[in-house]
Amino acid sequence: MMDISQERMPFVEALEAYTKAGFTAFHTPGHKLGVGAPSTLKEWMNPALPYDLGVMYALDDLHEPEGVLKEAQDLAAQLYGAEQTWFSINGTTAIIEAMIMAAVGPGDTIIIPREAHRSVMGGLLLSGAKPVYLEGRFDERWGVPLGTTAAEVERVFTAHPEAKALLLVNPNYYGIAIDLEAIIEIAHAHNVIVLVDEAHGAHLPFGRNLPPSALACGADIVAQSTHKLVGSLTQTSMLHCQGPRVNRRRLTQVQQVLQSTSPNYIFLASLDMARHQLATEGAKLVGQAEALAHQLRQALQAIPGIAVPEASDFSDIFAYDQTKVLIDFKALGLTGGEAERLLRREGIEVELVQGYHVLVLITIGDTLGSINQLVEAVRHIAYRVISQETAEINSDNQSFTSVDGEMKQTLSGEDTPQDVAIESTKLPVPEVVLTPREGFYRPVISVPLATAIGRICGETISYYPPGIPFIAVGERITPAVVEYIRERQALGYIPNGSADKSLTMIQVIEDI
């Protein structure tokens with residue numbers, strides 16, 4: 001690929017030139033450059049509406065780009081060190097499905113981690129591939145997955161020499177990274193293509209002390225959520241590839257299946273803008289985010305009752321993205337759900353809630369002001385809880401904490417709801433009986449959850465966040481699965497993907 005100027009935004013420039021040309025529109029969308037848009041939409045987006053164009057061949061075609069959009073994608077590939085890049089306006093879900101479909105087909109074996117996002121299940125369903133799960137590691141104290149190891153990958157390859165692809169998640173939702181370079185070397189020695197869900201890693205190449213990117217470690221195909229931690233619009237992502245194991249034409253064809261035939265040009269333009277921002281200011285902006293995250297960690301760690309783990313606090317991890325800040329309320333006797341509700345009262349919205357903790361993301365959009373607001377909110381909660389506990393200890397050695405106006409009693413030496421919460425973050429070990437595609441097309445019936453143990457699940461169910469299925473279609477419902485559901489129900493979580501939102505009933509394969 002020839003070097004092209006990262007100072008340019010070719011797709012943005014072409015879109016601006018087109019709108020200024022003053023064409024009278026006799027094409028979609030129906031609002032005709034904003035003239036017919038609803039009044040509220042005009043109030044929200046009036047300056048942007050003329051840029052809301054569909055398939056304009058004068059502006060290039062997402063499905064077979066040849067002009068300015070191809071140039072924009074080539075600039076992204078050059079920036080990230082890929083050989084080819086595709087833009088996505090259907091999020092990272094679509095490109096994770098695309099890389100799976102491009103790598104494996106019906107009956108092929110693909111090795112995946114248990115902590116894979118539900119979009120991986122979609123890719124398995126569409127491809128017809130058979131999943132083999134890596135054994136996950138889990139930190140009991142902090143209640144977070146730690147990812148796989150090179151030794152575990154080698155063990156699974158030895159047990160499954162027929163495997164054609166390996167899919168990895170790096171870094172995970174908590175910023176924990178695995179030894180990608182060593183694992184990829186093992187996979188390539190087995191002549192296996194490596195796919196990486198790097199949804200939380202679009203910022204990695206621009207940091208000072210961040211884990212290495214998947215492309216830098218030698219991954220073949222990498223999916224990134226550009227919108228998650230850098231500057232593009234929600235629902236926009238990039239798919240990168242390199243190396244001889246990738247069938248690029250196949251990837252393009254799958255992209256054509258999974259991307260909308262009416263791509264939003266504002267979305268595409270935001271990817272061009274985000275790439276330009278990273279190329280020209282990425283090191284400065286991501287460096288500032290790292291510095292703010294460090295400052296936040298120090299301030300939070302000084303608050304009584306609050307714990308914020310550093311890399312050394314986790315059990316044997318390779319690398320850690322410290323812009324993912326886990327705030328642990330265990331010493332205050334608060335679950336993550338309780339802490340979240342109290343934080344919302346303080347005007348703070350967090351990314352993820354589990355066990356005793358909440359997770360916050362520090363990005364290029366944060367400022368000293370937003371950091372200080374979070375610190376003050378946590379400090380207010382901690383001091384309020386501590387003062388209440390001090391005042392409410394009685395002669396029976398029973399302590400009471402007021403949360404959301406309700407008195408909660410905890411007795412010394414007994415299990416508490418919080419103890420259950422921390423255990424429930426660990427996912428059940430899957431038992432695959434049918435491929436997701438085989439299970440998806442089998443007839444299903446609904447049975448009471450209490451009688452479902454031993455049956456084959458007919459639906460893929462997860463809790464958001466983080467959107468990781470705890471049971472997938474085609475897997476056996478084990479006692480551990482039912483226990484996991486019961487624990488989450490007790491904590492008030494609502495399942496995603498189940499026909500019955502109460503999960504009193506669960507769908508199972510009818511004839512097995």
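Predicted model: local features only at pLDDT ≥ 70, side-chain atom pairs only at ≥ 80, totals over all residues.
Which residue in E8 does leucine 167 stand opposite? The residue is leucine 195.

**Strand E6 and its neighbours**

- Strand E8 (residues 193–197) runs parallel to E6, and 5 bridges join the two.
- Strand E2 (residues 109–113) also pairs with E6 in the parallel sense, over 2 bridges.
- Within that pairing, isoleucine 111 has leucine 166 of E6 as its bridge partner.
- Ala165, Leu167 and Val169 point one way from E6, while Leu166 and Leu168 point the other way.
- Because 5 of the 5 residues of E6 are buried, the strand is largely enclosed by the rest of the structure.

- Is lysine 164 buried or partly exposed? Its relative accessibility is 43%, so lysine 164 counts as partly exposed.
- Leaving aside residues up to four places away in sequence, lysine 164 touches Val104, Asp108, Thr109, Val192 and Ile193.
- With one of these, aspartate 108, lysine 164 makes a polar contact from side chain to side chain, at 3.2 Å.
- Valine 192 is 28 residues apart from lysine 164 along the chain, yet their C-alpha atoms are separated by 5.3 Å.

**The largest cavity**

- The model has 2 cavities of 30 Å³ or more.
- The largest cavity has a volume of about 100 Å³.
- Its lining is made up of Pro113, Glu115, Leu134, Pro145, Leu146, Gly147, Thr148, Leu168, Val169, Asn172, Ile176 and Ile178.
- Strand E5 (144–147) and E6 are the elements that give two or more residues to this lining.
- The largest share, 3 residues, comes from E5.
- By class, the lining of the largest cavity holds 8 nonpolar, 3 polar and 1 charged residues.
- Leu168 and Val169 line this cavity, and both are buried residues of E6 that point opposite ways from the strand.

**The second largest cavity**

- The second largest cavity has a volume of about 50 Å³.
- Lining the second largest cavity are His203, Leu229, Val286, Ala289, Thr323, Ile362, Thr363 and Ile364.
- This lining has 5 nonpolar and 3 polar residues, with no charged ones.

Conventions. Residues numbered from 1 in each chain as written. Heavy atoms only, no water. Buried < 20%, exposed > 50% of the residue type's maximum accessible area, 1.4 Å probe, protein only. Contact = heavy atoms within 4.5 Å. Polar contact = N/O pair within 3.5 Å; in protein donor to acceptor, adjacent residues only side chain to side chain. 1 Å grid on protein atoms, 1.4 Å probe; cavity = no way out; pocket = protein on both sides within 12 Å on 5 of 7 lines; lining within 4 Å. Points joined across faces, edges and corners; volume = space filled by probe spheres on them. Helix = DSSP H or I, 4+ residues; strand = E, 2+ residues; numbered from the N terminus. Nonpolar A, V, L, I, M, F, W, Y, C, P; charged D, E, K, R; others polar. Pairing = 2+ DSSP bridges.
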